[in-house]
Amino acid sequence: MGTAAMDKANSAPGQPESRPGHDPYGTPPYGQPGPWAPAPPVQRPQPTPPGGTHVPPMSPTPPGGTHVPQAGPPPQHGTPSGGAPRYDPWAAPAGSAAPPPSDHPAPGGPEGPRGRQGGGRLIAGAAAIALVAGLIGGGVGSYLERHGTFSDVRLPQTVTEGAPAPEGSIAGIAQTVLPGVVTLHVSGSGEAGSGTGFVLDDEGHILTNAHVVRPAGQGGAIEVTFSSGDSARAEVVGQDTGYDLAVVKVDGFSGLSPLTLGDSDAVRVGDPVVAIGAPFELAGTVTSGIISATERPITAGGAEADGSDISYVNALQTDAPINPGNSGGPLVDINGRVIGVNSAIRTADGGGGLDPGQSGSVGLGFAIPVNQAKDVAEQLINTGRATYPVIGVTLDTGYLGDGARVGSSGGGPAVVPGGPADDAGLADGDVITAVDGERVRSSDELIVRIRSYRPGDRLELTVERSGDELELAVTLGESSGE
């Protein structure tokens, strides 16, 4: 078949025959109309709207499972609905597949600008926070440096956890004893004073010095202040000036802390001790030292013309500081047991006397041994008065020799008839130089030695008579204190 025949056979019905050598299905030059229809007008792609412009939503995709009616086979690309192919310059080439949908939205789509806008806001916010923090930090640093804070010295310091004081330490002793120590404020008879005492039992009995409560007299007042700060009125149960001891009592007061009494006979020179009291009204003051001597014969008082305030004590000597206001307070051992009652100090005023009054401590303090104090306290609590041992003689206080001479300057008998000394064979003019082997140098020392015993005790007296030395045994009698 020739070319003309082929063209004619390929011509569509009702169409003029194509020119010889012309392909009616060939693609016309760009911009010229095709053989069957005029070329469509040139279309420009829809520009991407600016960020933030509302884009009408596309037809929603029907949910999965929804039936979509078939509209027949899709027309072939480039074929008009009339059946003849139509040129579409914007259609994809024949035989090419449509690109698969992308999971990421195209730039400039609805999600792109918003995502970029949100990220920009976060960056701007972080920058603003950093700027503000920098300004604040710079201002604070400038202020601190200007005021010298960075140059202040900070010294290292250890932090100690709270723990109980070791047993046997000064702190441990104070912790144990202080709750049982009280301060006494006494007024009456035109004078007032203060001192210390300590609790003896749960019934409210308190032991102190007789010279502490003396200002109360018959109508005075005694106020007791405990370590807790609580106060109560107290009444005198009994007192004895010869021993310089007194017992007072508070009623209706609970929660007392009685102190434990030790054994003063077991005390040795050099033993550590602690004195507790209220020197110069500084309540709860704790001082420490050692036992400097035992059986130190002392006399204190003597302010009264008749000598009724003189006390005779065979004392424990200590270098623990004792001052006015410590009188009546406890002297305790390393176990916190009371071994003495602080009573007097040696003064440095040149007088050489023992003073329970207003002079300060020079490291020579004296305490009544607790064994003697216990006996006297029990008597005062049980009977309201105390007794003391006697030998039944009058002593010559003007004798300047070594020892205590028996003699009377008042005209009365030097040896009490029928008394212990008379029974032992002592005579007027005898000089007593020792008691149970312990030397005595004066009449005061003899009284102190005798009062360190109990009525009924038997002891040996060393006596000088007309140049001879005698040993006489005497059984002590008893006398009532005032």
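## Charged pairs, cores and rings

In this predicted model, R337 and D333 are joined by a salt bridge in which the closest N and O atoms are 3.2 Å apart. Side chains of opposite charge can pair when their charged atoms come close, and the structure holds 9 salt bridges.

Another of these salt bridges joins R454 and D375, with the closest N and O atoms 2.6 Å apart. R454 lies in the loop between α7 (443-451) and β18 (458-465), while D375 belongs to helix α5, so this pair ties together parts that are 79 residues apart in sequence. The relative accessibility of R454 is 45%, and this residue therefore counts as partly exposed. A further salt bridge connects the side chains of D271 and R268 at 3.7 Å, N to O, and here R268 is exposed, with a relative accessible area of 58%.

From the charged pairs we can turn to the chain as a whole. The chain has 7 helices and 20 strands, and 32% of its 482 residues are buried. Among contacts between residues at least 6 apart in sequence, 60% join residues at least 24 apart.

In soluble globular proteins, nonpolar side chains tend to be buried together. The largest nonpolar core here has 28 residues, of which V177, L207, L245 and V341 touch the most other members. Several elements each supply at least two residues of this core, including α3 (170-177), β8 (285-300) and β11 (338-346), and α5 gives the most, with 5 residues. When residues up to four places away in sequence are not counted, V177 touches L259, I276, P330, V332 and G336. A second, separate core of 20 residues includes A404, V406, L446 and L459.

How are the rings of F226 and F253 arranged? Their centres are 4.2 Å apart and their planes lie at 10°, so the pair is stacked, and the count of aromatic pairs comes to 1. F226 sits in the loop between β4 (221-225) and β5 (231-240), and F253 in the loop between β6 (245-250) and β7 (272-277), so that the pair links distant parts of the chain, 27 residues apart. F226 is buried at 7% relative accessibility, whereas F253, at 22%, is partly exposed. Elsewhere, the charged end of R451 sits over the ring of Y388, 4.0 Å from its centre.

Notes
Residues are numbered from 1 along each chain as its sequence is written. This is a predicted model: local features need pLDDT of at least 70, side-chain atom pairs count only at pLDDT 80 or more; totals for chains, interfaces and linings use all residues. Side-chain values use heavy atoms; hydrogens and water are left out. Rings of Phe, Tyr and Trp (its six-membered ring) pair if their centres lie within 6.5 Å; planes under 30 degrees apart count as stacked, over 60 as edge-to-face and the rest as tilted. Helices (H or I, at least four residues) and strands (E, at least two) are DSSP runs, numbered from the N terminus. Buried means under 20% relative accessible area, exposed over 50%, partly exposed in between (1.4 Å probe, protein chains only). A charge sits over a ring if NZ of Lys or CZ of Arg is within 6 Å of the ring centre and within 35 degrees of the ring normal. Contact means heavy atoms within 4.5 Å. A nonpolar core is a set of buried Ala, Val, Leu, Ile, Met, Phe, Trp, Tyr and Cys residues joined through side-chain atoms within 4.5 Å. A salt bridge is a side-chain nitrogen of Lys or Arg within 4 Å of a carboxyl oxygen of Asp or Glu.
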